[in-house]
Amino acid sequence: MKKKTILAMGSLLLASVLSVSTFIPNAKAITPDEYVQLGFGFFPHYGLNTYTGTAGGEGNPQNFPSTLFAPTDFDANQWVAAAKNAGMDYVIAVAKHRYGWAAWDSAYTTYDIATSSAPNLDVVKAIADACKAYGLKFAIYFNADDRYHFPNGVMGNSAYTDFAKNELTELLTNYGDVIAIWFDHAKAINNSQAAQLEAHVKSIQPNTLVFFHDDDKAADSDVHVTELVNGDPPVGNSTPWEEAWSLYTDYWSFTNNESPAAPWSSAAYTANKVHYYNKRYASFAVSVPPGPNGKISQAGLDLMHNIGLIPRWKQTDDRSPLVTYSGTWDDQSNSSYFKSTDRNSGQAGASAEYTFTGTGVRLITKKNVSTGIFDVYLDGNKVSTFDSYSASADFDVVAYEATSLTNATHTIKMVATGTKNPNSSGVNVNLDLFEYLGTPVQTQTDTIVDDTNAAITYSGTWNHISRAASYDGTISYSSTQDAYAEYAFNGTGVKLYTQKGAGGGKFDIYVDGVLQTTFDSYAASQQNKVLAIDKQDLAAGNHIIKVVVKHTKNPNSNNYFAHLDYIAFH
């Protein structure tokens with residue numbers, strides 16, 4: 001039995017706040033601007049309130065014992081794989097909601113996953129590991145209120161502040177790089193407490209961004225966060241912003257995932273929302289909540305998959321270092337521009353050039369009574385001449401658009417001609433921003449390598465059998481410790497597919513000799529063609545993927561089998 005601090009209503013015997021050394025990050029720090037430019041994130045609300053039939057803060061948490069948390073088929077890899085397929089770039093793990101129940105084994109409370117019906121599960125670790133395996137950024141949601149441990153409120157309560165610091169220390173030292181801590185219900189704490197919590201986070205992981213969901217504390221947030229019902233960022237917003245919402249309208253957590261309510265069941269509607277917020281300098285984070293079994297329903301998976309089929313417009317502002325200027329350009333500010341900025345030039349031959357990789361591009365400008373004419377070149381060829389004169393000011397004007405380019409690197413260039421419409425009073429031309437069109441995440445053509453392929457090297461004892469539900473009717477498996485299967489390929493991305501079941505064990509996956517993830521292939525029921533890893537950030541060239549049998553297992557499993565179904569690379 002783990003050692004716990006004794007907790008009681010009205011009194012808390014807390015260990016003093018841990019003194020911690022500076023966290024050594026494994027990944028490059030992310031700035032607020034880079035966070036927003038990730039653009040689209042997954043915010044899966046899952047925890048004790050998945051099982052209570054109530055919203056996050058409804059009811060007395062004393063009436064909701066930890067044992068209510070009872071997943072039968074928990075699978076964070078399924079969640080994160082679905083997020084990747086939807087084109088999302090980061091995941092926000094709900095570590096603790098307003099009930100005060102911790103989704104990890106905390107040393108500072110008995111109201112946590114260790115006293116649940118799944119005591120050996122660590123939800124936070126499972127999500128963190130899946131993010132690492134699939135190449136997504138990892139953030140943590142931590143509710144600033146705590147109705148279980150502090151039923152009389154946390155405002156100004158120093159015992160709560162110390163308690164929260166201790167739990168944050170666990171979250172920031174045990175789960176690798178955390179790009180952000182999302183403090184919800186930040187109105188429950190005062191400004192002094194917010195400052196203390198922010199300083200504590202930064203003392204452990206100095207580059208972790210801190211968000212407070214409270215307009216009164218917006219100045220203390222690295223990124224302004226809000227929910228869809230609280231209003232949109234304004235046109236011309238230049239403050240790093242995140243808009244968050246659930247794709248199922250009933251609530252953030254599970255209610256009825258099999259029948260998502262319109263209009264959120266529309267992938268096109270959601271994709272349009274992503275673009276709408278991205279154009280207002282805001283990222284969009286959404287919850288498609290897992291159900292009580294610990295998995296996202298088929299309806300949710302289908303929605304996320306269909307979102308990923310729609311290519312996404314991404315923005316590059318006129319002030320971006322990725323835009324190369326020649327000649328004389330002046331800076332302008334106006335709240336009607338993207339991020340409230342614009343550059344303009346009246347010099348003949350002055351140019352702005354942008355190189356991107358994708359299948360489409362837009363050049364967005366302003367029309368006015370005093371603006372002139374410019375040419376547009378794509379990959380060195382003149383494709384358009386645009387007259388930006390208008391009798392009245394018109395912002396966010398698409399001067400040029402191409403949507404059917406080959407998926408390759410392209411360069412777009414605008415060149416001021418120094419000429420104008422006879423009705424215009426000036427020759428200045430304006431650049432607001434470029435948008436480029438990414439490619440649908442599921443359109444990549446992969447080379448499939450079945451488990452029977454002679455190029456796969458097997459070491460140790462492996463069984464190669466026929467199974468109709470597996471790819472091409474075959475699958476290979478082993479329970480021998482350190483037995484491995486290895487495959488060399490040339491490309492930039494690789495996926496490995498396996499099987500999960502009641503006898504599934506754990507196995508390590510390496511790419512180029514570096515451990516990427518330890519995959520737990522246990523599931524209460526048989527699952528076929530399961531994606532175990534999706535590594536898409538490899539440098540072009542030769543690589544090796546390797547599966548190593550650990551001969552360890554989930555306590556619920558009845559055996560140690562590791563399966564290789566097939567490998568896909570490009």
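## Charges over rings

In this predicted model, the charged end of Arg-362 sits over the ring of Trp-313, and 3.9 Å separate that charged end from the ring centre. There is another such arrangement to look for: the charged end of Lys-339 lies over the ring of Tyr-281, at 4.3 Å from the centre of that ring.

## Aromatic pairs

How many aromatic pairs does the count come to? The count comes to 33 aromatic pairs. One of them joins Tyr-35 and Phe-211 in an edge-to-face arrangement, with 5.0 Å from centre to centre and 75° between the planes. Because Tyr-35 belongs to helix H1 (residues 32-38) and Phe-211 to strand S7 (residues 209-212), this pair ties together parts that are 176 residues apart in sequence. Tyr-35 is buried, with a relative accessible area of 0%, and Phe-211 is buried with a relative accessible area of 0% as well.

Another pair to find is Phe-489 with Phe-569: the ring centres are 5.3 Å apart and the planes meet at 40°, so the pair is tilted. Phe-489 is part of strand S27 (residues 484-491) and Phe-569 is part of strand S34 (residues 566-569), so here the parts tied together are 80 residues apart in sequence.

## An aromatic cluster

Aromatic residues also gather in a group. Tyr-46, Tyr-51, Phe-69, Phe-74, Trp-79 and Trp-101 form one aromatic cluster.

## Residues with positive phi

Most residues other than glycine have a negative phi. Ser-340 has a positive value, near 65°. You can find Ser-340 in the loop between strand S13 (330-333) and strand S14 (341-345). At 17% relative accessibility, Ser-340 counts as buried, because the cut-off for buried is under 20%.

Asp-396 also has a positive phi, near 55°. Its place is in strand S19 (residues 394-402), and Asp-396 is partly exposed, with a relative accessible area of 41%.

## Confidence along the chain

How confident is the predictor? The mean pLDDT of the chain is 90, and 91% of its residues reach 70 or more. Over residues 1-21, however, the pLDDT is below 50, and this stretch has 48 contacts in the model beyond near neighbours in sequence. Residues 257-263 also have a pLDDT below 50, with 16 contacts beyond near neighbours in sequence.

Key:
Residues are numbered from 1 along each chain as its sequence is written. This is a predicted model: local features need pLDDT of at least 70, side-chain atom pairs count only at pLDDT 80 or more; totals for chains, interfaces and linings use all residues. Side-chain values use heavy atoms; hydrogens and water are left out. Rings of Phe, Tyr and Trp (its six-membered ring) pair if their centres lie within 6.5 Å; planes under 30 degrees apart count as stacked, over 60 as edge-to-face and the rest as tilted. Helices (H or I, at least four residues) and strands (E, at least two) are DSSP runs, numbered from the N terminus. Buried means under 20% relative accessible area, exposed over 50%, partly exposed in between (1.4 Å probe, protein chains only). A charge sits over a ring if NZ of Lys or CZ of Arg is within 6 Å of the ring centre and within 35 degrees of the ring normal. pLDDT is the predictor's confidence in each residue, from 0 to 100. Contact means heavy atoms within 4.5 Å.
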